[in-house]
Amino acid sequence: MNLQSMTGFARAVAEHEGTAIAWEVKSVNGKSVEVRLRLPQGFERLEPAVRQTLQKRFARGNFQATLTIGRAAGAQAQPVVNEAFLKDLAGLAKRLQEQFGVAPATADGLLSLRGVLDIPETVETEEVRAALDIAIMAALEVALKGLEQARQGEGAALALLLAGHIDAIEALTQQAEADPSRETVAIRERLAEQVRLLMDASANLDVTRLHMEAAFLATKADIREEIDRLKTHVASGRALLEGGGAVGRKLDFLAQEFNRESNTLCSKSNAATVTAIGLELKAVVDQFREQIQNLE
């Protein structure tokens with residue numbers, strides 16, 4: 001399954017028995033599926049079906065769907081002329097002209113009189129209404145397919161960005177792991193120097209206890225577990241991106257884990273180089289989490 005962004009727009013038009021149908025659908029970020037509808041008067045009956053269709057098709061996003069209904073071009077109703085009434089009016093107009101010398105009647109003047117020309121209203125039966133509803137929902141499916149494609153297009157771009165962030169997190173993790181300050185010799189020399197400074201400051205310190213405390217602090221400062229967890233999270237992130245689908249929530253949780261490990265890395269660091277790596281790692285994780293907010 002492809003990744004989807006939560007932002008997109010699509011439009012679909014159709015025609016059914018002289019009726020023009022147009023759907024416009026757009027979506028933006030949202031924690032769940034929220035739907036707002038704009039339906040013409042008389043078409044409120046479609047609201048439950050439209051909501052259900054959207055909720056089945058998408059996992060997250062705020063959606064707005066607008067339906068426009070009108071007459072198709074060339075589908076105007078044919079006017080009906082009351083010829084008997086028109087004939088009577090024409091005769092009356094001619095007599096008035098002959099008797100009183102009034103201006104002769106014109107065709108457009110006669111046709112504009114009430115009762116001469118009538119445009120009948122279409123009688124909507126249950127069958128006609130049901131057929132129109134089916135056509136409207138079919139047009140909605142076309143619009144939603146277009147929206148889905150738009151969201152997938154943005155999702156593909158997001159996937160590349162997120163993959164780049166994961167690569168950066170992996171590279172920084174490897175830098176922290178390979179940092180010279182983590183080598184046994186460097187740790188031993190640093191601890192020995194700290195113990196020597198303390199002994200020089202006070203001759204009353206217990207040397208054995210001091211070495212024990214130093215060893216304890218060295219163990220607390222070890223970042224092996226954080227590095228291992230970061231590597232595991234990197235693998236999980238890549239698997240989620242490759243699997244696709246609605247993984248936005250899972251990736252958001254993973255971003256929290258990345259952030260937790262980078263914070264711990266900084267707090268446990270006993271070398272400026274590792275601290276710098278940890279701070280850069282935090283910046284990349286923030287970018288990663290920001291982009292995830294746009295993902296379904």
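Predicted model: local features only at pLDDT ≥ 70, side-chain atom pairs only at ≥ 80, totals over all residues.
# Notebook: surface, sheet and salt bridges

**Entry 1, the whole chain.** I began with the surface, and I find that the protein exposes about 17,800 Å², of which carbon and sulfur atoms supply 55%. Of the 296 residues of the protein, 35% count as buried. I then looked up the secondary structure, which comes to 9 helices and 6 strands. Turning to contacts with a separation of 6 or more, I see that residues 24 or more positions apart account for 79% of them.

I next followed the strands and found an open sheet of 4 strands, with the order 1-2-4-3 and mixed pairing. Strand 1 (8-16) and strand 3 (33-38) are the edge strands, since each of them pairs on one side only. From one strand to the next, I read an average twist of 15 degrees. I reminded myself that strands of a sheet pair through backbone hydrogen bonds, in either the parallel or the antiparallel sense. Here strand 2 (residues 19-28) and strand 4 (residues 61-71) are antiparallel to each other, and their pairing runs over 10 bridges.

Which strands does helix 1 touch? I find helix 1 (residues 47-57) packed on the sheet, in touch with strand 2, strand 3 and strand 4, and its direction makes about 145 degrees with that of strand 3. I also traced helix 4 (residues 126-178), which lies across strand 1, strand 2 and strand 4 and runs at about 35 degrees to strand 2.

Back on the surface, I noted a nonpolar patch formed by L92, L96, F100 and V102, which together have about 360 Å² of accessible area. I placed F100 in helix 2 (residues 83-100). Is F100 buried or exposed? F100 has 60% relative accessibility and therefore counts as exposed, the cut-off for that being over 50%.

Side chains of opposite charge can pair when their charged atoms come close, and I counted 17 salt bridges. E24 itself counts as partly exposed, because its relative accessibility is 35%.

I then turned to E226 and K268, which form a salt bridge whose closest N and O atoms are 3.3 Å apart. This pair links distant parts of the chain, with E226 in helix 7 (residues 224-243) and K268 in helix 8 (residues 248-268), 42 residues apart. Both E226 and K268 are buried.

For E257 and R260, I read a salt bridge with the closest N and O atoms 2.4 Å apart. Why are these two about one helical turn from each other? E257 and R260 are 3 residues apart in helix 8, so about one helical turn separates them. E257 is buried, with a relative accessible area of 15%, whereas R260, at 42% relative accessibility, counts as partly exposed. Last, I noted one network in which salt bridges that share partners join E225, E226, R229, E261 and K268.

Terms used: Residues numbered from 1 in each chain as written. Heavy atoms only, no water. Pairing = 2+ DSSP bridges. Axes fitted to C-alpha atoms, helices over the stretch in contact; angles between N-to-C directions. Contact = heavy atoms within 4.5 Å. Patch = residues over 30% accessible without salt bridge, like charges linked within 9 Å, V, L, I, M, F, W, Y side chains within 5 Å. Areas by Shrake-Rupley, 256 points an atom, 1.4 Å probe, with all protein chains shown as cover. Salt bridge = Lys/Arg side-chain N within 4 Å of Asp/Glu carboxyl O. Buried < 20%, exposed > 50% of the residue type's maximum accessible area, 1.4 Å probe, protein only.
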